[in-house]
Amino acid sequence: MCAYVVLADDDPKQADLIRRYLEREGHAVGVVHDGRAALDEIRRRMPDLVVLDWMMPRVDGLDVCRVLRRESEVPVLMLTARAEEDDLLLALDLGADDYMTKPFSPRELVARVRTLLRRTGRGAAPGGGQDEPVFAVGPVVVDPGRFEVRVDGRPAECTPGEFRVLEVLASAPGRVFTRKQILEHLHGIDRYVTTRTVDGHVMNLRRKIERDPSRPALLLTVYGVGYKIADVRPPADADGPHAP
């Protein structure tokens, strides 16, 4: 199931590992690193699920969970280094739907997320119903249903034309699209479209998604033909390093 997940964890390395696994599953992920930012992001755009670390600065995970339960029924998966029964029961009493104790397998976390989404009826099957599939290419996630682009978990604002170009390319990583093929997807969005329009959108997109726009590694030019997005996937770490 595809969903929008808010991940709140003050450990950047652990957060990045979890984000990559969730995006490989097809989810869009918003990453924050403290409890106050988690509440702000959840209120800004209600997610389908929250992955919430217990120990965070400013507002800890228990207080975030307590506030959420007054405001919504969003499912919460709590992450904690506490393994005492009383601590875990406290998290459940405050409204957490499930919990995982550290260290844990990222693959198990993805499975727990899948189970919670299925149990609560949130998210959507990729390509099914009224929702559209989410495309993840390396650090970039394109969510057509929400008209959203995220790079390393952070939102990247795009115009409708830029978004459509990125959506077309991200739908088939590694495939080369001619400028004419891309133009066909821009009619009705850009009033006057030419091949120079496509080139302009690509230039702007590189500023937004590439680490070094002058030396693009994702949005590539195929000289004499058109453009493609590199077939870069989040690394499949087999059993994967266990999160600390």
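Me: Which residues of α8 are buried?

Reply: In this predicted model, the buried residues of α8 are Thr-197, Val-198, His-201, Val-202, Leu-205, Arg-206 and Ile-209. Residues three or four places apart on an α-helix point the same way, because a turn takes 3.6 residues.

Me: What do the buried residues of α8 pack against?

Reply: They pack against helices α6 (160-170) and α7 (179-184), and against strands β7 (140-143), β8 (148-151), β11 (219-222) and β12 (226-229).

Me: Why are α6 and α8 called roughly perpendicular?

Reply: The two helices pack at an angle of about 80°, and their axes are 9 Å apart. Angles of 65 to 115 degrees count as roughly perpendicular, so the term applies to α6 and α8.

Me: Which residues make the contact between α6 and α8, and how do they divide by class?

Reply: From α6 come Gly-161, Glu-162, Val-165 and Leu-166, and from α8 come His-201, Val-202, Asn-204, Leu-205, Lys-208 and Ile-209. By class, these are 5 nonpolar, 3 polar and 2 charged residues.

Me: Which residues are in contact with Leu-169, leaving aside its neighbours within four places in sequence?

Reply: Leu-169 is in contact with Phe-177, Ile-182, Leu-219, Tyr-227, Lys-228 and Ile-229. One of these, Tyr-227, is 58 residues from Leu-169 along the chain, yet their C-alpha atoms are separated by 7.9 Å.

Me: Why is α2 described as roughly parallel to α3?

Reply: The axes of α2 (residues 35-44) and α3 (residues 61-71) come within 10 Å and cross at roughly 20°. Angles under 35 degrees count as roughly parallel, and α2 is therefore roughly parallel to α3. The crossing is right-handed.

Me: Which residues of α2 and α3 meet?

Reply: Gly-35, Leu-39, Ile-42 and Arg-43 in α2 meet Val-64, Val-67, Leu-68 and Glu-71 in α3. This contact has 5 nonpolar, 1 polar and 2 charged residues.

Me: How many helices and strands does the protein have, and what percentage of its residues count as buried?

Reply: There are 8 helices and 12 strands, and 50% of the 244 residues count as buried.

Conventions:
Residues are numbered from 1 along each chain as its sequence is written. This is a predicted model: local features need pLDDT of at least 70, side-chain atom pairs count only at pLDDT 80 or more; totals for chains, interfaces and linings use all residues. Side-chain values use heavy atoms; hydrogens and water are left out. Axes are lines fitted to C-alpha atoms, for helices over the stretch in contact, and angles run from 0 to 180 degrees between N-to-C directions. Helices (H or I, at least four residues) and strands (E, at least two) are DSSP runs, numbered from the N terminus. Angles under 35 degrees count as roughly parallel, over 145 as roughly antiparallel, 65 to 115 as roughly perpendicular and the rest as oblique. A crossing is left-handed if the near helix is turned anticlockwise from the far one by less than a right angle, and right-handed if clockwise. Contact means heavy atoms within 4.5 Å. Ala, Val, Leu, Ile, Met, Phe, Trp, Tyr, Cys and Pro count as nonpolar, Asp, Glu, Lys and Arg as charged, and the others, Gly among them, as polar. Buried means under 20% relative accessible area, exposed over 50%, partly exposed in between (1.4 Å probe, protein chains only).
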